[in-house]
Amino acid sequence: MAAFFEWFERNQGKTFRPLRQHTGGTLRLHRLSRRTLGTGYLRDAVTLPPGEDKREWISALTIDFFNDVNLVYGMIAECCTPSCCPIMSAGPKVQYKWADGKTYKQPVAVSAPEYMRLLWQWVQSRLDDERLFPTAPGVPFPADFMEQVRNIYKRLFRVYAHIFHDHYERVQSLTFESHLNTCFKHFMYFVLEFELIPKEELQPLRELIDFLLAEDRKKHSTSTTS
């Protein structure tokens, strides 16, 4: 993953600034996670470290995955416009509508870039909410923490689904596919480890998920027996 960030900075010509910074306990767990990423097998990087609190681990890595998804979308954002992506979709058969229970109380169809803008703001507001993602020592997580987190991951997954279905040619033209696949595999390992997205929501990329993870397991198995 470190190579991915170096590649991004080189190709974008500027330093990537994450939308959400780590503070307090999340910074410690973020650093622990990034050290584990250097071991080479993404599956190991998502496993709850011994002695750590599950909700604190999920809280810390949710910030990382939010930043990663935003970074990945940034690579193709210039070609994801209201004219070419008038709806937020994952191919011709899947359309995503936006609702947040406040400004948009009922699901409404919006363009893909507008969906992304609303999504970044919505997730950012949740990550900044100390009641949902507490950063002070000893402050408990809310009873509905996992429910709230699952809703975040379900929507972040839709960004990947849109990119793979509607912008993969652009990804290939940027020679960005291996980096995209790495980010997506890391994301999916975490999702599956903690059961964060319902199976039906994964259907738009089900075949790709199965292929990438099987390929990853095969490579890991080969490297450990050689």
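The count of aromatic pairs in this predicted model comes to 17, where rings of Phe, Tyr and Trp (its six-membered ring) pair if their centres lie within 6.5 Å, and planes under 30 degrees apart count as stacked, over 60 as edge-to-face and the rest as tilted. A search of the whole structure also finds eight salt bridges, while the number of disulfides is zero. Because the model is predicted, local features need pLDDT of at least 70 and side-chain atom pairs count only at pLDDT 80 or more, whereas totals for chains, interfaces and linings use all residues. Residues are numbered from 1 along each chain as its sequence is written, and side-chain values use heavy atoms, with hydrogens and water left out.

**Aromatic rings**

- A pair of aromatic rings is described by the distance of the centres and the angle of the planes.
- Phe65 and Phe187 form an edge-to-face pair, with 5.7 Å from centre to centre and 85° between the planes.
- This pair links distant parts of the chain, since Phe65 belongs to helix 4 and Phe187 to helix 8, 122 residues apart; helices (H or I, at least four residues) and strands (E, at least two) are DSSP runs, numbered from the N terminus.
- Phe65 counts as buried at 1% relative accessibility, and Phe187 is buried with a relative accessible area of 0%; buried means under 20% relative accessible area, exposed over 50%, and partly exposed in between (1.4 Å probe, protein chains only).
- Ring pairs join Phe65 and Phe187 into a cluster with Tyr153, Phe157, Tyr160, Phe164, Tyr168, Phe184, Phe190 and Phe194.

**Charges over rings**

- Arg155 lies over the face of Trp98, at 4.4 Å from the ring centre; a charge sits over a ring if NZ of Lys or CZ of Arg is within 6 Å of the ring centre and within 35 degrees of the ring normal.
- The charged end of Arg155 also sits over the ring of Trp122, 4.4 Å from its centre.

**Helix 5**

- Helix 5 covers residues 112–127, and its 16 residues should span 22 Å at 1.5 Å a residue, which agrees with the 22 Å between its end C-alpha atoms; the expected span of a helix is 1.5 Å times one less than its number of residues.
- Twelve of the 16 residues of helix 5 are buried, so that this helix is mostly covered.
- Among the buried residues of helix 5 are Tyr115, Trp120, Trp122 and Arg126.
- The buried residues of helix 5 pack against helix 4 (54–76), strand 1 (88–89), strand 2 (95–96) and helix 6 (145–166), where contact means heavy atoms within 4.5 Å.

**Helix 8**

- Helix 8 has 17 residues and reaches 24 Å from its first C-alpha to its last, close to the 24 Å expected at 1.5 Å a residue.
- Twelve of the 17 residues of helix 8 are buried, so this helix is largely enclosed by the rest of the structure.
- The buried residues of helix 8 include His179, Cys183, Phe184, His186 and Tyr189.
- Just after helix 8, Glu195 takes a positive phi of about 50°.

**Salt bridges**

- Arg117 and Glu114 meet through their side chains in a salt bridge (2.6 Å, N to O); the term stands for a side-chain nitrogen of Lys or Arg within 4 Å of a carboxyl oxygen of Asp or Glu.
- Arg117 and Glu114 are three residues apart in helix 5, which means that about one helical turn separates them.
- Arg117 is partly exposed, with a relative accessible area of 37%, and Glu114 is partly exposed as well, at 23%.
- Glu201 and Arg158 form another salt bridge (3.6 Å, N to O).
- Glu201 lies in the loop between helix 8 (177–193) and helix 9 (206–225), and Arg158 in helix 6, so the pair ties together parts that are 43 residues apart in sequence.
- Glu201 counts as buried at 19% relative accessibility, and Arg158 counts as buried at 10%.
- The side chains of Asp216 and Lys185 meet in a salt bridge (3.3 Å, N to O).
- That pair links distant parts of the chain, with Asp216 in helix 9 and Lys185 in helix 8, 31 residues apart.
- Asp216 counts as buried at 11% relative accessibility, and Lys185 is buried with a relative accessible area of 10%.

**Cysteines**

- The structure holds zero disulfides, a disulfide being a pair of cysteine sulfur atoms within 2.5 Å.
- Cys84 is in no disulfide, and the nearest cysteine sulfur, that of Cys85, is 3.6 Å away.
- Cys84 counts as partly exposed at 44% relative accessibility, whereas Cys85 counts as buried at 4%.
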